[in-house]
Amino acid sequence: MDRHWNRTTPIHRLPTEILISILQLSVSTNEFDLGALAFGCTLLYPSTGYYVTLLRLCSVSAGWARMIRGTPSFWIYTSSIDSPKLTDLILERSRAMPLWVRYRVEVDHRHQDLYGYLQAVLPESHRWHTLVIDLYQDYDEYDLDTNLKYLNTSKFTQLSRLLVVDYGARELSLPNYFKLGRPPLKYIQTCMLSLEWDSYQLSNLEVLCLCDIPESTAPSISQITDILKMSPSLSRLEISDTYISVPSQGNVTTPIPSLPVLDSLRFYNIQPSGAIRLLLPHVKLHNNSKLSITSDDDEPGRSHDLTETEEAILTYASKHLSSLPSCPATLYIGLADSLQFDYGDDVCSIYLGANEIQKSTKRIEQLVLSLSPEQRGKPTVLSLDLEGSSRVCQLMYNLTASLNVTELTVDNAFNPMDYLNRPDPTTGEWVFPNVTRLALSLEGVDMAQAHSKPLESIFKLAEARSGLTRGAREVDKKAPVALESIELLGKGKIQMQDIERLEALVPDVRVLRPMKIIGRPPLPNTVHQ
């Protein structure tokens, strides 16, 4: 009776193909090794619990067990930490499916039969699709070469993805072990370990990620540019926390052709700082490319002026923005430890180094002014977080003529608030007159006190931008539009009666946690989240 009842449940009535897809998605979501992300690894591999979970699914019912055992795509992951019996079972049940091979050297690897594992999987080298090499502590370059040299005895006709991670950070280099023929590699990612390969072995790539490579094994800038020149189909390029050997003359002699399908470019903390400056002019992006560049200049005795690298980043960013069909829908300008520019999915973020805020805000104005009038007409969400600097007020004035800002968020909004509630006394222009939604962050401000100056400034702002000015534009074209929504957030307090005052001026008033409301419960049209 129970067996008959189980057959009537919805999941057992699903078509086999759909059930397989659901189970594969469930296993891959829960059992992939997310710990590798901490080392910049984006090519994930199942953790040690993958086959444990698979066996549990087999115990659900005899039908599930037959389906899982008979579906080769469940059995494509093999690792050197698997038992010899499990390895043989995987190779048998995967049939002709491409294999993900993980050569993982444990911290205490003396119990591992690494040679025996390679001898078991190398006869299937024609099926290898992905090779992951994980090196943990207590493993030197001699030990690495002792076993991996057997890769030279096989051909890898399907090997398209290679990921190498040295968790012990021993500053090793990986020799070329594919002497019998170049595998058709499309994806290469190395973390804390360099490749001793010629450029030919690394041509025709689609993804290249270099992470945490130290100076002792650093690739040269000419090696990287050679790879780019021979990989016209490159779609993703990432170099982070990596040292690059720069020629003494400090230039790249051979130009790199355009990369027409490059979808994502990320340069982060590349040393020395001049390497970014040399690479950027040679990497051309198309309009939809995601771009992330961070300068980590730590030059001794530097002044408040922008460094040459920071100037190069902003110049490159300006060219990329000016090539876009329209202004980004969302623009963030804030402070960070170093200058950073990010663009992707119609969102642009510019973070200024705190030391050079005076100079870099001026460059941001120039960057935005590089946009065409057609680009600037697009409605834009602008978020400013410059820690209440007086420069943020001037920046707001200068960006007003360049951007059609309809939503504005101002963090640490003490000084900027006063500039939003009145026109410029010299020009009569309002700051961002088209803003209909406004969010103000007031960290640590207690607005529950009587005659609170920040609260009075908010009232002035609400009155200036409220429905009282709805007809003002018919008389004065420079008058601001009506403010439809205002959000207050921070760790302070506010009285309920003051919220009611604001509601009389602005239709939608939102007080967001952790700000506390003092007094009776909020009215229905006040959102306290």
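Visitor: Why is Ser73 called partly exposed?
Guide: Ser73 has 22% relative accessibility. Buried means under 20% relative accessible area, exposed over 50%, and partly exposed in between, with a 1.4 Å probe and protein chains only. The value of 22% falls in between, so Ser73 counts as partly exposed. Before we go on, this is a predicted model: local features need pLDDT of at least 70, side-chain atom pairs count only at pLDDT 80 or more, and totals for chains, interfaces and linings use all residues. Residues are numbered from 1 along each chain as its sequence is written, and side-chain values use heavy atoms, with hydrogens and water left out.

Visitor: Where is Ser73, and what is it in contact with beyond its neighbours within four places in sequence?
Guide: Ser73 lies in the loop between α4 (62-69) and β1 (77-79); helices (H or I, at least four residues) and strands (E, at least two) are DSSP runs, numbered from the N terminus. Apart from those neighbours, Ser73 is in contact (heavy atoms within 4.5 Å) with Gln24 and Met97.

Visitor: What makes Ser203 buried?
Guide: Ser203 has 6% relative accessibility, and that is under the 20% limit, so it counts as buried. Ser203 sits in the loop between β7 (193-196) and β8 (207-211). Leaving aside neighbours within four places in sequence, Ser203 touches Arg182, Leu185, Met230 and Ser231.

Visitor: Why is α3 called oblique to α4?
Guide: Helix α3 (residues 50-58) and α4 pack at about 140 degrees, with axes 7 Å apart. Axes are lines fitted to C-alpha atoms, for helices over the stretch in contact, and angles run from 0 to 180 degrees between N-to-C directions. Under 35 degrees is roughly parallel, over 145 roughly antiparallel, 65 to 115 roughly perpendicular, and the rest oblique. The angle of about 140 degrees belongs to the rest, so α3 is oblique to α4.

Visitor: Which residues meet there?
Guide: Leu54, Leu57 and Cys58 in α3 meet Trp64, Ala65 and Ile68 in α4.
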